[in-house]
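Try each one before you read its solution.

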Amino acid sequence: MHIYIADMGEDIIERVNLETNHRDFAKINSYNNKHLPLNIYSKYLCGPHRLILDKHRQKLYSLNAYDNSISIINLENFTLEISLYVGNYPNNGVIYKDCILVVNGDSDAISIFDIEEKKVIGQVKVGSFPQDIVYNEKYNLIFVSNMNSDEILLIDPYSYKIVEFIGAGARPIGMTFSEDWDYLYVVESYFETGINGKISIIDLQNFKVIDEIGVGKVPTMVRKKENFLYVLNSYSNTLCKIDLFTKHKKEVVCGNAPAYLTVLDKFAYVSSVEENKVNIIDIEEMRIVNFIKTRKEPQGLVIDP
């Protein structure tokens with residue numbers, strides 16, 4: 001069982017064996033060797049911050065925020081194959097058939113990246129500053145959260161046409177589905193307001209918000225497991241566990257500047273940008289039980305069980 005970690009500050013992807021602690025590294029290179037002014041040390045910074053695992057092709061894709069690229073890593077020898085342009089500020093992506101659909105925050109669009117052809121074959125305009133993109137298998141719809149236009153877009157994956165708008169709370173970011181695909185949980189971050197955020201629950205049979213649950217300051221991600229939601233609050237530095245039946249909440253401090261959350265079995269894994277580590281949290285007891293030391297500025301995480 002491996003965890004993959006995107007180290008944004010060093011252009012490195014780490015692979016750590018969670019059973020033996022053995023690790024190796026893949027170095028990310030810029031697609032055009034463009035020097036970035038933000039780097040005073042004259043290195044090429046790509047800024048890997050989101051990872052997409054493709055077990056079928058034995059590839060790992062890194063979305064790189066600083067040079068607007070996607071990097072393809074071969075999992076057999078864990079080396080970089082190539083980096084390619086994918087659109088302005090790739091915030092997140094999802095695999096759909098033979099393509100990766102990437103939301104580009106700075107161009108208010110989705111880039112359609114053909115995996116076999118290794119190139120962008122089209123773009124779809126969406127709302128203002130898209131943050132997350134998820135695909136619902138049951139309803140065969142793509143969902144995009146638009147942070148600045150306070151809405152969720154529903155897109156037909158065949159035509160790439162917008163088929164519905166769902167009004168959201170202030171500054172929607174992360175999303176996840178229920179296990180039966182009938183409900184969408186949306187993080188409303190209320191980003192610059194100083195107000196605590198919320199989780200909106202949307203019934204996908206009628207596209208209506210049926211409930212809202214208050215959480216901490218600037219929540220960014222939500223994951224669901226059984227009867228619980230797990231919410232990452234980036235300004236509160238906490239992981240919040242919410243019982244969906246009783247609405248009872250329990251929080252644990254999960255590291256300074258938490259950036260990404262993934263949940264597997266009885267543990268949550270949270271990357272801490274300022275502490276350069278991934279904290280491992282027992283989600284039954286809601287306490288940190290271990291950590292993985294990382295390179296500089298860990299962001300996106302993927303676990304291959």
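**Exercise 1.** Find which residues Asn74 touches, leaving out those up to four places away in sequence, and decide whether Asn74 is buried or exposed.

*Solution.* Keep in mind that this is a predicted model. Start by locating the residue: Asn74 sits in strand 6, which covers residues 69–74. Next, list the contacts: Gln58, Lys59, Thr79 and Glu81. Then look at the side chain, where a polar atom of Asn74 lies 2.8 Å from the backbone nitrogen of Glu76. Last, check accessibility: buried means under 20% relative accessible area, and Asn74 has 14%, so it counts as buried.

**Exercise 2.** Work out how strand 9 (residues 99–104) is covered and which strands it pairs with.

*Solution.* Count first: six of the six residues in strand 9 are buried. Now sort them by direction. Cys99, Leu101 and Val103 point one way, while Ile100, Val102 and Asn104 point the other. Then go to the partners. Strand 8 (residues 90–96) runs antiparallel to strand 9, joined by six bridges, and Ile95 stands opposite Ile100. Strand 10 (residues 109–114) also pairs with strand 9 in the antiparallel sense over six bridges, with Val103 opposite Ile110.

**Exercise 3.** Find the residue with a positive phi in each hairpin of strand 9.

*Solution.* Take the hairpin with strand 8: two residues lie between the strands, and Lys97 has a positive phi near 55°. In the hairpin with strand 10, four residues lie between the strands, and Asp108 has a positive phi near 50°.

Notes:
Residues are numbered from 1 along each chain as its sequence is written. This is a predicted model: local features need pLDDT of at least 70, side-chain atom pairs count only at pLDDT 80 or more; totals for chains, interfaces and linings use all residues. Side-chain values use heavy atoms; hydrogens and water are left out. Buried means under 20% relative accessible area, exposed over 50%, partly exposed in between (1.4 Å probe, protein chains only). A polar contact is a pair of N or O atoms within 3.5 Å; within protein, one must be able to donate a hydrogen and the other to accept it, and residues adjacent in sequence count only if both atoms are side-chain atoms. Contact means heavy atoms within 4.5 Å. Two strands pair if DSSP finds at least two bridges between them.
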